Amino acid sequence: MSVYSGGAETVMPQIFTISNFSPEQIKTLADLYVKAGRIKASDNKTKVLIEELGATEYLAETVDEAFEKAEEAARDVVTALGDGILFVVRNIGVAVLEAIELTAIAILEAFEGRELPIIIAGTVLAITIACIFVLLHEFRTGPGGAGEYMAFNRPSTGDGFLGP
């Protein structure tokens, strides 16, 4: 809208909505919103975009300038989404490593001053578990002398842990 003031033409900004844009401009905006994940890549994405942005107003002097503002807003959404994903990817490894380090420090502080009893208990536990497995193996296969199995007492495939 042009206004003449003091002999000079002044262009006044107007309010534009998505209904003022051309079909090509709406299609371009719809593609940007699909890339940003704001709308789904359905068959009628322009209709979905019009429903989503129908009430959004752009203050500009021309329709093209209003479209540029809408396009810039859509690109900002895409950029913000990409920046957020990049931030997470860059920092997830650091966060995991810091969590592991803090866990190790907490465990060490919990066992501080009791290292020897804990080492002894761990060793006894490991030997006990090894003895249990050896005894179970001998129970299953029978006494074998020199590593041989007794007749008809060989383990077969597919049977249970302690035998048939």
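Student: Why is Ala60 called buried?
Tutor: Buried means under 20% relative accessible area, exposed means over 50%, and partly exposed is in between (1.4 Å probe, protein chains only). Ala60 has 1% relative accessibility, so Ala60 counts as buried. This is a predicted model: local features need pLDDT of at least 70, side-chain atom pairs count only at pLDDT 80 or more, and totals for chains, interfaces and linings use all residues. Residues are numbered from 1 along each chain as its sequence is written, and side-chain values use heavy atoms, with hydrogens and water left out.

Student: Where is Ala60?
Tutor: Ala60 lies in strand 4, residues 58-60. Helices (H or I, at least four residues) and strands (E, at least two) are DSSP runs, numbered from the N terminus.

Student: Which residues is Ala60 in contact with, leaving aside its neighbours within four places in sequence?
Tutor: Contact means heavy atoms within 4.5 Å. By that rule the partners of Ala60 are Pro13, Gln14, Phe16, Glu65, Ala66 and Lys69, with neighbours within four places in sequence left aside. Pro13 is 47 residues away along the chain, yet the two C-alpha atoms are separated by 4.9 Å.

Student: What makes Leu49 buried?
Tutor: Its relative accessible area is 0%, so Leu49 is buried. Leu49 sits in helix 2, residues 45-53. The C-alpha atom of Leu49 is 7.9 Å from that of Leu29, 20 residues apart along the chain.

Student: Is Ile100 buried or exposed, and how do you know?
Tutor: The value for Ile100 is 53%, therefore Ile100 is exposed. Ile100 belongs to helix 3, residues 63-110.

Student: Which residues form a nonpolar patch with Ile100?
Tutor: Phe87, Val88, Ile92, Val96 and Leu97 form the surface patch with Ile100, and together the six have about 620 Å² of accessible area. Patches are made of residues with over 30% relative accessible area and no salt bridge: like charges are joined within 9 Å, nonpolar side chains (Val, Leu, Ile, Met, Phe, Trp, Tyr) within 5 Å. A salt bridge is a side-chain nitrogen of Lys or Arg within 4 Å of a carboxyl oxygen of Asp or Glu. Accessible areas come from the Shrake-Rupley method with a 1.4 Å probe; for residues, only the protein chains shown count as cover.

Student: Why is Asp76 called partly exposed?
Tutor: Asp76 has a relative accessible area of 46%, so Asp76 is partly exposed. Asp76 is in helix 3.

Student: How much of the chain is buried?
Tutor: Of its 164 residues, 15% count as buried.
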